[in-house]
Amino acid sequence: MERPAAAPAADARASAARQQPASRSRKKARSFWLKQLHTWHWVSAAVSLAGMLLFAITGITLNHAASIGAEPKVTQVEAMLPPPRLAELRGDHAAAAPLPPRVAEAVAAAVALDPAGRAAEWSDEDVYVAMPGPGQDAWVSIDRTTGAISAERTWRGWISYLNDLHKGRNTGDAWFWFIDVFAAVCIVFTLTGLLLLQLHARHRPSTWPLVATSLLVPLLLAVFLIH
């Protein structure tokens, strides 16, 4: 007995009906992830924008550091430590103990360099505190017998300052953690951008050739042209 002709059509309709919920589910999931990725991408871009600009500019200045002239400015200051504060320098001190707080305050007032909380080098004759910072070097030395203060600051300019921020040189704990957090945000920005490229690649044929170029160009330069 032959099957009625309407049966295949009914089966097709039933199959299409079963596929529609799955298709809607896929579209819903894609829409959800597109929304999430766009949100994470623009938020990470906004948070890291100033930092990326800074690190991009200083990448150029570091790459051309030899051709960017800078005349270091050296400032030397001499002063005397008040006798009550000099008395606090006498006696034994741990090898890297910082200056006593009131001594550090007196030094900062006298020479405009603040050695508070920094490790000091103690000898029988004097105490020496190095105070390097981004774009500068500085130090203070105090004679433990006379109280004579000698201080020097070498300022290498704003470009050097920004370059040191890029390298994290003599920038302290706060900037150390900023670089880590900034790098993590940049990773989020990059990965969400990559996932968005993948979601839109079907309509943009040049997507993966351009992504491959971003990988191959530095790779080939590193392998063949860096010696």
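**Pocket lining and aromatic pairs**

The lining of the largest pocket has six nonpolar, four polar and three charged residues. Here Ala, Val, Leu, Ile, Met, Phe, Trp, Tyr, Cys and Pro count as nonpolar, Asp, Glu, Lys and Arg as charged, and the others, Gly among them, as polar. This is a predicted model: local features need pLDDT of at least 70, side-chain atom pairs count only at pLDDT 80 or more, and totals for chains, interfaces and linings use all residues. Residues are numbered from 1 along each chain as its sequence is written, and side-chain values use heavy atoms, without hydrogens and water.

**The largest pocket**

- Its volume is about 200 Å³.
- Of its 13 lining residues, Ile68, Ala70, Ile159, Ser160 and Asn163 are the closest to the centre.
- A pocket is an open set of points on a 1 Å grid over the protein atoms alone, where a 1.4 Å probe fits, with protein on both sides within 12 Å along at least five of seven lines; lining residues have an atom within 4 Å of a point.
- Helix α4 (residues 158-167) gives the largest share of the lining, six residues. Helices are DSSP runs (H or I, at least four residues), numbered from the N terminus.

**Aromatic pairs**

- Rings of Phe, Tyr and Trp (its six-membered ring) pair if their centres lie within 6.5 Å; planes under 30 degrees apart are stacked, over 60 edge-to-face, the rest tilted.
- The count comes to ten aromatic pairs.
- Phe32 and Trp33 have ring centres 5.2 Å apart and planes at 80 degrees, so this pair is edge-to-face.
- Trp33 also pairs edge-to-face with Trp40, at 6.3 Å centre to centre and 70 degrees between the planes.
- Ring pairs join Phe55, Trp175, Phe178 and Phe182 into a cluster.

Definitions and conventions: Grid points are joined across faces, edges and corners, and a volume is the space filled by probe spheres set on the points. Helices (H or I, at least four residues) and strands (E, at least two) are DSSP runs, numbered from the N terminus.
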